[in-house]
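I opened this entry to record what I looked up, one item at a time.

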Amino acid sequence: MKNSALFKNWGRFKKGMDSESIQLAFANHLEYSLSKDQYTATLRDMYSSLALSIRDRLVERWITTQEVYYNQDVKRVYYLSAEYLMGRVMTNNLINLGMYQQTVEAMNAVHVDFASILEQEPDMGLGNGGLGRLAACFLDSLATLGIPAYGYGIRYEFGIFDQEIRNLEQVESPDNWLQYGNPWEIARPEYAKRVRFQGRVMHTRLPNGREKAEWVDTNDVVGVAYDTPINGYGNETTNTLRLWSARASKEFDLDYFQHGDYLKAVAEKNQSEIISKVLYPNDQVYQGKELRLKQQYFFVSCSIQDIIRRYLITHTDFDQFAEKNAIHMNDTHPALAVVELMRLLLDEHDIPWDKAWEITTKTCAYTNHTLLAEALEKWPVPMFEHLLPRPLEIIYEINRRFLRLVSLRHPEHPEKMGEMSLIGEGEEKRVRMAHLAIVGSHSVNGVAALHSRLLKERELRNFAEMFPERFNNKTNGVTPRRWLVAANPRLSNLISDNIGKDWIKDLFQLEKLADKAGDQLFMEKWKDVKQENKEDFATLVRDMTGEIVNPESIFDFQVKRIHEYKRQTLNILYVVYRWLCLKRGQEHHFAPRTFFFSGKAAPGYFMAKLTIKFICHVADMINRDPQTNDLIKVVFLPNYRVTLAERIFPAADVSEQISTAGYEASGTSNMKFAMNGALTVGTPDGANVEIREAVGDENIFTFGLNSEEVAELAPRYNARDYLGDSVLEHVLDHISRGFFNPDDPALFHPLADMLLGKDKYLTLADFAAYAQCQERVDALYWDQDAWTQKCILNVARMGFFSSDRTILEYNRDIWGAKPVVVTRGDGMEQDAREGEDCGDN
């Protein structure tokens, strides 16, 4: 009886969801996991203790989920991505577990400020932008929908760099997110994998006539697994994000050490561990390119080995491999999955080529994320040959067989073989990773309707004609749990108070809000929510930058990676244009507006960094002008990341989505802004097209050339044909003569030269339409009821843009995995598998 009571109390301590149980767990971890008390504990200690307490409540669900997957022999989805932009996870975990409020109460009871604890968590910034954030949204939706799934990637020691604005320009510093450890992850050294590099390939003929390849004399690196639980909303499913960290196969050479060569004694360790050291090394130099290729093969090899290991726990042959596994490549970074799966089947498991190829193509699928030809990765063959000689042999053989099919299909068009080959000819032969991914997959999808159509019509036309059944569209989505419930609790509470909470798992239920768009009382509450969010954000801006902004003004945001095609230049040109109009007394009924910019420029991208510098110089000038200060302000917010984005979207009035049509694959910030009630100013590009279809032409501000018009104009574009506006000419003259930087008048000459010269993104061609569009924004904002109605209708029609809908489509059309209902207790009586832990992930 005594033991039973003890077990009951222990279970409550580890599993209880009430405030008292959380307090007990928190105190226990503070004392016994961290060896701290009330006098020595720091806020970071308290964060770690609370994180461990929350993780405890995930572990039983986590183990049970994996047991159910084994016991039911489910088909598993494996999502391979070089990026996961997870941000902070504590709030999201609490919301999905349904214990957010209880945790706030528990911390209040022990006199700990919960908000301060949340601020201790570093952003898990293992990504550069939309690609990594999409992967994070997908993991949330997969778990919420009960789909058996695993994310695979790299546990970068340093994530996307931290950005400061110093002397009005971007300065990068390392993002040491693991400095104090990561309480959410569990190391799994027992599942470490050996990855081969360099060496040579030996070929021998077997008695049965088949050729056997052996990759020998290699320099090996060990990949150590670190697992993070990913819990679904409102269910028991807890999936796994497994990230690989590079370790040396030989940590320490004692012989070198004994002879006094201390550097050589640890040289192998240092060379190996650099592979997972940093997200996206600078690939402007050869060493950076080589390291990036190493990273890609490293995480792909670890992952494919792990997938096969897990499959063979319950199977003795590979006859059902494609029926039990779906491997999805998130862009071209994991494209080597095709080759590595073939290598392991051929070399390690003695599967004949034809059967191995059938398994591989039925298992693998590929998502393309770009229309930029330069972003479709191509690796130099000499580098490949040096680092990965056996994978290169397999690529050559895949290519030989594939080109034979191409020649049979197009006997009258021999040029097709060069266009479609996996090896690009030229001054230097290169391996075309997108071509490899397409040939080795049974499905190829784009991420917005326009993007998918343009892929088939332009960049990948030859492949779409040869494999029409493989090409499909899966428009991106975002998780409402992160981007509305967690980021905007005021608005989500208002929505739930009026239509219930079912919308959190079925975003199409937001359509019920459409009936509220004319309800004056509801509109007033909506306005109050927005105003409170803006006031909170104004305080944050003051704390971050020292700038005082007016929360009564239009909060206008363009927040995303800095790139020429995203056209931050168009936006800042308009800001200067608007300011000069004010100076001339040509006010055009302008409403007071604060223009916010935020985003990081790749360290080696000159024009992107110059754009940030120009925005900051313009802000420094305009914000000093007492004549216009109450009507226009410009703020560049440093260090854009998930946590900052969660503060931005709820406060936004206007969302700037102004890329050159035909260049943005999809975009997801457009969805997050609209989901939080901002109105979109956008070109007909990416998912903007589908947002316009969903919300209606009257509830979005669309302007500019479409993708066909851009393609037609580009070859004959002359920027000077668009200089009829005297104010615009004045803007460009200000840039050229150094008005915004009189100490160095030539500083922005490259920007002016680009705008007036070879601007492939046609900035000035869209300028007049953009300026006119902004006048429509001002006119509507003066009518606050009409503005609010359109904001409500935008939110009401966001159902399609949930990542839940996207994942359901992926699963229906590509993966074919059966969703599983997990109930704690399922399979707990099952015997442990021989040689395996029941809790194996």
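Predicted model: local features only at pLDDT ≥ 70, side-chain atom pairs only at ≥ 80, totals over all residues.

I looked for a facing pair and noted V195 opposite V221 in β10.

Next I traced the sheet. It is open and has 9 strands, in the order β7-β10-β11-β4-β1-β12-β13-β17-β18. The pairing is mixed. The edge strands are β7 (186-197) and β18 (471-473), each of which pairs on one side only. On average, neighbouring strands are turned by 25° against each other, direction ignored.

Is N325 buried or exposed? N325 is buried, because its relative accessible area of 3% falls under the 20% cut-off. Its side chain reaches the backbone oxygen of F321 at 3.0 Å. Setting aside neighbours within four places in sequence, I listed K75, R76, Y78, I307, Y311 and T363 as contacts of N325.

Salt bridges came next. I found 57 in a search of the whole structure. One of them joins the side chains of R61 and E236 at 3.4 Å, N to O. R61 is in helix α3 (residues 43-71) and E236 is in the loop between β10 and β11, so this pair ties together parts 175 residues apart in sequence. R61 is buried at 6% relative accessible area. E236 also counts as buried, at 19%.

R242 is in strand β11 and D227 in strand β10, 15 residues apart. Both are buried. The two also belong to a salt-bridge network with R188, K193, D306, R309 and R310.

My last stop was helix α22 (residues 489-499). L491, S492, L494, I495, S496 and I499 are buried there. The buried residues of α22 pack against α21 (480-486), α23 (520-545), α27 (669-675) and α33 (784-796). R490 forms a salt bridge with D536, with the closest N and O atoms 2.8 Å apart. D536 lies in α23 and R490 in α22, so the pair ties together parts 46 residues apart in sequence. D536 is partly exposed at 34% relative accessible area, and R490 counts as partly exposed at 31%. G500 follows α22, with a positive phi near 85°.

Conventions. Residues numbered from 1 in each chain as written. Heavy atoms only, no water. Pairing = 2+ DSSP bridges. Helix = DSSP H or I, 4+ residues; strand = E, 2+ residues; numbered from the N terminus. Axes fitted to C-alpha atoms, helices over the stretch in contact; angles between N-to-C directions. Buried < 20%, exposed > 50% of the residue type's maximum accessible area, 1.4 Å probe, protein only. Contact = heavy atoms within 4.5 Å. Polar contact = N/O pair within 3.5 Å; in protein donor to acceptor, adjacent residues only side chain to side chain. Salt bridge = Lys/Arg side-chain N within 4 Å of Asp/Glu carboxyl O.
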